[in-house]
Amino acid sequence: MAGNRNSFALAFAAYTALRLLVFVVPLVVIYALSGNPILSAVIAAVIGFALSMILLVRQRSSMATGLAERSDSRRTISDEAIEDEAVDETTEDEAVDGQNDSAAASPRP
């Protein structure tokens, strides 16, 4: 489990650092050329998004795999929880059936 956690942390750190790099480099270049910070940020965001979709496929898939494994490990349902749920459903069904029978036997005017 610790090995999985370390590899996920490494993948997360690498992907985050590369995404920041892919945004900051175009931002600095465009700002140096234009001098307009808002326009530079918008254009750098578009360029960074496009480059990250093209260049960071492997890192993104590694992150997605790590997140999926982490999510699956948290969804483990015990046998006791399943049995408790089945008992609760049976109890609710009996209560509803009892209400319907009594209401049909003595209707209100």
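This briefing covers the fold, the surface and a few residues of one chain. The structure is a predicted model, in which local features need pLDDT of at least 70 and side-chain atom pairs count only at pLDDT 80 or more, while totals for chains, interfaces and linings use all residues. Residues are numbered from 1 along each chain as its sequence is written, and side-chain values use heavy atoms, with hydrogens and water left out. The chain has 4 helices and 0 strands, where helices (H or I, at least four residues) and strands (E, at least two) are DSSP runs numbered from the N terminus.

**Overall fold**
- The order of elements from the N terminus is α-α-α-α.
- Of the 109 residues, 13% are buried; buried means under 20% relative accessible area, exposed over 50%, and partly exposed in between, with a 1.4 Å probe and protein chains only.
- Among contacts (heavy atoms within 4.5 Å) with a separation of 6 or more, 53% join residues 24 or more positions apart.

**Surface**
- The accessible surface of the chain is about 8700 Å², and carbon and sulfur atoms hold 64% of that surface.
- Accessible areas come from the Shrake-Rupley method with a 1.4 Å probe; for residues, only the protein chains shown count as cover.
- Patches are made of residues with over 30% relative accessible area and no salt bridge, joining like charges within 9 Å and nonpolar side chains (Val, Leu, Ile, Met, Phe, Trp, Tyr) within 5 Å.
- A salt bridge is a side-chain nitrogen of Lys or Arg within 4 Å of a carboxyl oxygen of Asp or Glu.
- Leu39, Ile43, Ile47, Phe49, Leu51, Met53, Ile54 and Leu55 make a nonpolar surface patch of about 720 Å².
- Glu80, Glu83, Asp84, Glu85, Asp88 and Glu89 form a negative surface patch.
- For charge, Lys and Arg count as positive and Asp and Glu as negative, with His and the chain ends not counted; the place of a charge is NZ of Lys, CZ of Arg, CG of Asp or CD of Glu.

**Residues in helix α2**
- Ala50 lies in helix α2, residues 37-55, and is partly exposed at 37% relative accessible area.
- The C-alpha atoms of Ala50 and Val22 are separated by 9.4 Å, with the two residues 28 apart along the chain.
- Leu51 is also placed in helix α2 and is partly exposed, at 33% relative accessibility.
- Ser52, in helix α2, is buried with a relative accessible area of 0%.
- Leaving aside residues up to four places away in sequence, Ser52 touches Arg19, Val22, Val57 and Arg60.

**A residue in helix α4**
- Glu85 is found in helix α4, residues 79-105, and is partly exposed with a relative accessible area of 48%.
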